[in-house]
Amino acid sequence: MLELRGRDAFTLRQRERKAFTLPELRERFAVTSLPQPHGRSTLRPCRAVARQLLGEGGFTLFELLVVMGIIVVMMLLITPAFTSIKSAGDATSAAYTVKGVLEQARSYAMANNTYTWVGFYEEDVSKASTNPATSGTGRVVMSIVASKDGTIVYDPNSLAKVDTTRLIQVGKLTKIENVHLATFTNGPGTGSTFDTRPPVAYRIGDTTTPPNSLTPFQYPVGNPEPAAQYTFLKAVQFSPRGEGRVDNNSYSLTTAAEIGLIQSHGNVAPTPSPSAGNYPGNVVAIQFTGVGGSVKIYRR
């Protein structure tokens, strides 16, 4: 390999330094004028605008970084206090959102050696969220909370609303629009499709088995306890070992439990078929196992 020495090496270094200075980069990537007939030339519109705004200098790297920083700050300021999917598109995309929330709660419980709960609430999608919330159809609201001290928080022998001051919020509220919590007829457990999925004893839907939780929790949480906007009467609990149950420890671990979703038409839910006891159209069952807490989606 040829090694440059003395004057040649010095000249090469000088050229390299010059090539990466801002004036040199500006000149190299400057927008040139377009040749036109009869010897006339017309500047491109972007160059004309740049001249009016910044003169001949163009944008510097520092200026671009300042603008990007301002945009990031503005986005942080206008981010709402909840995550909202304006339209689920279909029940399947909503099911993957629910799956993600369940997996986040389970992972948090195991990583922090504590208990977590995922609450489900449905409100009227045709109206803005109220405070306190008003139940209805078409917008599913989910919240994750965790025990501050790693204990189960409630008394298993005297079930009551969970003490809000002993909970912490995990992430933001998740809201999914144009979906409805639904209860489906059990599958026979002979396959891996929606119609052949495993049967379950406990589920979260529009008719819940078991009934509303005897250990509900609220949003927001804090100490002292703030006024409740949402009270979650349907919930999934995860233990520090990742075990998943509907509601609380008063219900035994099962092979699987289920959350049903169907796409709504605004605040109107489809009517189930009287003969089949099931809903037509785009329906999804999200099942989570009791021992492993793993989540699987069955759709039709």
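Which residues is leucine 102 in contact with, leaving aside its neighbours within four places in sequence? I started my notes there, keeping in mind that this is a predicted model.

**Leucine 102.** I found leucine 102 in contact with Val118, Phe120, Val236, Phe238, Ile259, Ile286, Phe288 and Val295, once neighbours within four places in sequence were set aside.

**Cores.** Next I looked up the largest nonpolar core, which has 32 residues. Leu102 is listed among those with the most contacts inside it, along with Val98, Phe120, Ile259 and Ile286. I then checked what supplies this core: H5 (91-112), S4, S5, S8 (179-181), S12, S14 (256-263), S15 (283-289) and S16 (295-299) each put in at least two residues. Helix H5 gives the most, with 8 residues. I also noted a second, separate core of 18 residues, including Val141, Val162, Leu167 and Phe217.

**Glutamate 243.** I went to the loop between strand S12 (234-238) and strand S13 (244-246), where glutamate 243 lies. Is glutamate 243 buried or exposed? I put glutamate 243 down as buried because its relative accessible area is 13%, under the 20% cut-off. Its side chain makes a polar contact with the side chain of arginine 241, at 3.1 Å. Not counting residues up to four places away in sequence, I have glutamate 243 touching Gln237, Phe238, Leu253, Gly290 and Val291.

**Lysine 127.** My last stop was the loop between strand S4 (116-124) and strand S5 (138-147), which holds lysine 127. I logged lysine 127 as exposed, since its relative accessibility is 55% and the cut-off is over 50%. I also took the C-alpha separation between lysine 127 and glycine 138: 10.0 Å, for residues 11 apart along the chain.

Technical notes:
Residues numbered from 1 in each chain as written. Predicted model: local features only at pLDDT ≥ 70, side-chain atom pairs only at ≥ 80, totals over all residues. Heavy atoms only, no water. Helix = DSSP H or I, 4+ residues; strand = E, 2+ residues; numbered from the N terminus. Buried < 20%, exposed > 50% of the residue type's maximum accessible area, 1.4 Å probe, protein only. Polar contact = N/O pair within 3.5 Å; in protein donor to acceptor, adjacent residues only side chain to side chain. Contact = heavy atoms within 4.5 Å. Core = buried A, V, L, I, M, F, W, Y, C linked by side-chain atoms within 4.5 Å.
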